[in-house]
Amino acid sequence: MRRLDRHTLAHAAAGVLAGAVGMSVAHLTAALLTPASSPALAVSTAVIDATPTPVKEWAVRELGSADKPILIGSVLLVTIAFAAAIGVVARRRLRLAVALIAGLVVLAGAAVVRQPLFEVTDLVPTVVALVLGPAVLVLLTRALTTERTPAHRSDAPSEGAATRRSVLIGFGALALVSAAAATGGQLIVRGRTALADIMLPRVRDPLPTLPAGLEEKHKGISRFITRNRDFYRVDTKLAVPIVDQNSWSLTIDGDVERELTFSYDDLRERENVEHDITLTCVSNEVGGKLVGAARWTGVPLKDLLEEAGVGKDADQILSTDVEGFTISTPLEAALDGRNAMIALGMNGEVLPRTHGFPARLVVPGLYGYVGATKWVTKLTLTRYDEATAYWTDRDWAIDAPIKLSSRIDTPRPLSNIPAGRTVIGGVAWAQHHGVAKVDVRIDGGRWQQAELGPDAGIDYWRQWFLPWDADPGSHQLAVRVTDRDGTVQSDDRAAPFPDGSSGIQEIVVTVT
């Protein structure tokens, strides 16, 4: 029985290794061609599309930017479990096992084919997996069978030992190949996403340098300027699109007087502007971290639309990214005078690939799912009753102005802090309206007005702090913001779906 268990585990390991080699080499192949054509990523993308909205909201809320790695890891774990079972089947019925592992690869290939901008060459990684997976399974299964045969013969112990060593060496070599291919694929993708030799376009009227924030004086408060590497990222992409700026273009069509197409150089050579704008994800919970503030460089969206000639019927801009993903933006928001733009730069650098290179849409005052299309390549003026986008098809609100909100950064919820003089601090935003004041409440008492940090305009967040003489014990802290129109942050509690969260953040801290 012990020997049977050992052999069963060995065959399960053979199945896992066959799946791992197929997936990792296919991933390496995809990295050299089109990263999104990796079978593992294609399956993960299909899972995202099929996931109900409440589950997606839970994932974004609980996992944040780690949701994508965890999703990919979960898909890989399920695949490995199937591969192990197939390896066990191969011990008795090799042909059936080969058919099963080939079937898994074919299912992954179907996910590749379903992608919006599928091309025949995208199937190359799948074909690689289809060849390698079954081949490795057959090789290892036969090696294990050969290893067992002399092991039962008392007259050939040395032959059995040699065979076992050969099998172990083969297993180890294939494991190294799998690890090397997976690592190489990731390094290649990382190298391909790096940007070099691209300069930020000249700005017509450069803004003055933003003043120093409160973060140096009061530790724990979010940085006044969110660094590019720290800026939140929530999108459906598991592989960052590798876009060649020399072949990329932006087209404006639909209900316009003339269809226009701009190359990357066309946009760079126009009069670019700078705007300080805070972006917020609609999935951001009260007190959440899915918000960031940056200085964006680019071309005014209104100028491009007026050049194309806006028609009389359109009420939305249906923007499309380089992989066919769509976002719906109210046309009025692009024409009402706000600083909507096609951004080419972020915080004095060329727009990072993870944030939309070569260009992205930035519309202040609107949640990202309706106003911040990354990797944008087409703007179609149309009507809501004629065309719908990815998120509106999933019943998110069409018009999505960002709600007033504020956040306590320090002290942290449920933290222990020493008694004595300290500060309560954080950030607040009233995008496209401007922050007028921030109030803090301690232990349900009266609202006390906090001191505000530097002001970078109505589209940018404000830092704030309130000095506090903290007495020992448990304390409840709350914060709210009032905008320049006199509107006070709502205390009505609402979840992010379908048009953004609302409510007052309240936290508990212990003073010792």
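The dialogue below takes up a sheet, some backbone angles, a loop residue and a surface patch.

Modeller: Please note at the outset that this is a predicted model.

Colleague: What is the order of the strands in the open sheet of 5 strands?

Modeller: The general idea is that strands of a sheet pair through backbone hydrogen bonds, either parallel or antiparallel. Here the order is E12-E19-E18-E14-E15, and the pairing is mixed.

Colleague: Which strands stand at the edges?

Modeller: They are strand E12 (416-417) and strand E15 (447-449). Each has a single partner strand, so one side of each lacks a neighbour in the sheet.

Colleague: In which sense do E14 and E15 pair, parallel or antiparallel?

Modeller: Strand E14, residues 435-442, pairs with E15 in the antiparallel sense over 3 bridges. To follow this pairing by residue, find Val-440, whose bridge partner in E15 is Gln-448.

Colleague: How should I read the backbone angles?

Modeller: Most residues other than glycine have a negative phi, and most peptide bonds are trans. Asp-395, which is not a glycine, has a positive phi of about 70 degrees. This residue lies in the loop between strand E10 (376-382) and E11. Leu-414 also has a positive phi, near 65 degrees, and is found in the loop between E11 and E12.

Colleague: Is Leu-414 buried or exposed?

Modeller: Leu-414 counts as exposed because its relative accessibility is 70%, and the cut-off for that class is over 50%. Asp-395, at 57%, counts as exposed too.

Colleague: Which residues does a cis peptide bond join?

Modeller: Pro-358 is placed in the loop between strand E8 (349-350) and strand E9 (360-362). Another joins Thr-410 and Pro-411, with omega about 0 degrees. Pro-411 is in the loop between strand E11 (405-410) and E12.

Colleague: Which residues make the nonpolar surface patch of about 250 Å²?

Modeller: Leu-32, Leu-33 and Val-124 make this patch. Leu-33 is in the loop between helix H1 (2-32) and helix H2 (39-50), and at 39% relative accessibility Leu-33 counts as partly exposed.

Notes:
Residues are numbered from 1 along each chain as its sequence is written. This is a predicted model: local features need pLDDT of at least 70, side-chain atom pairs count only at pLDDT 80 or more; totals for chains, interfaces and linings use all residues. Side-chain values use heavy atoms; hydrogens and water are left out. Two strands pair if DSSP finds at least two bridges between them. Helices (H or I, at least four residues) and strands (E, at least two) are DSSP runs, numbered from the N terminus. Patches are made of residues with over 30% relative accessible area and no salt bridge: like charges are joined within 9 Å, nonpolar side chains (Val, Leu, Ile, Met, Phe, Trp, Tyr) within 5 Å. Accessible areas come from the Shrake-Rupley method with a 1.4 Å probe; for residues, only the protein chains shown count as cover. A salt bridge is a side-chain nitrogen of Lys or Arg within 4 Å of a carboxyl oxygen of Asp or Glu. Buried means under 20% relative accessible area, exposed over 50%, partly exposed in between (1.4 Å probe, protein chains only).
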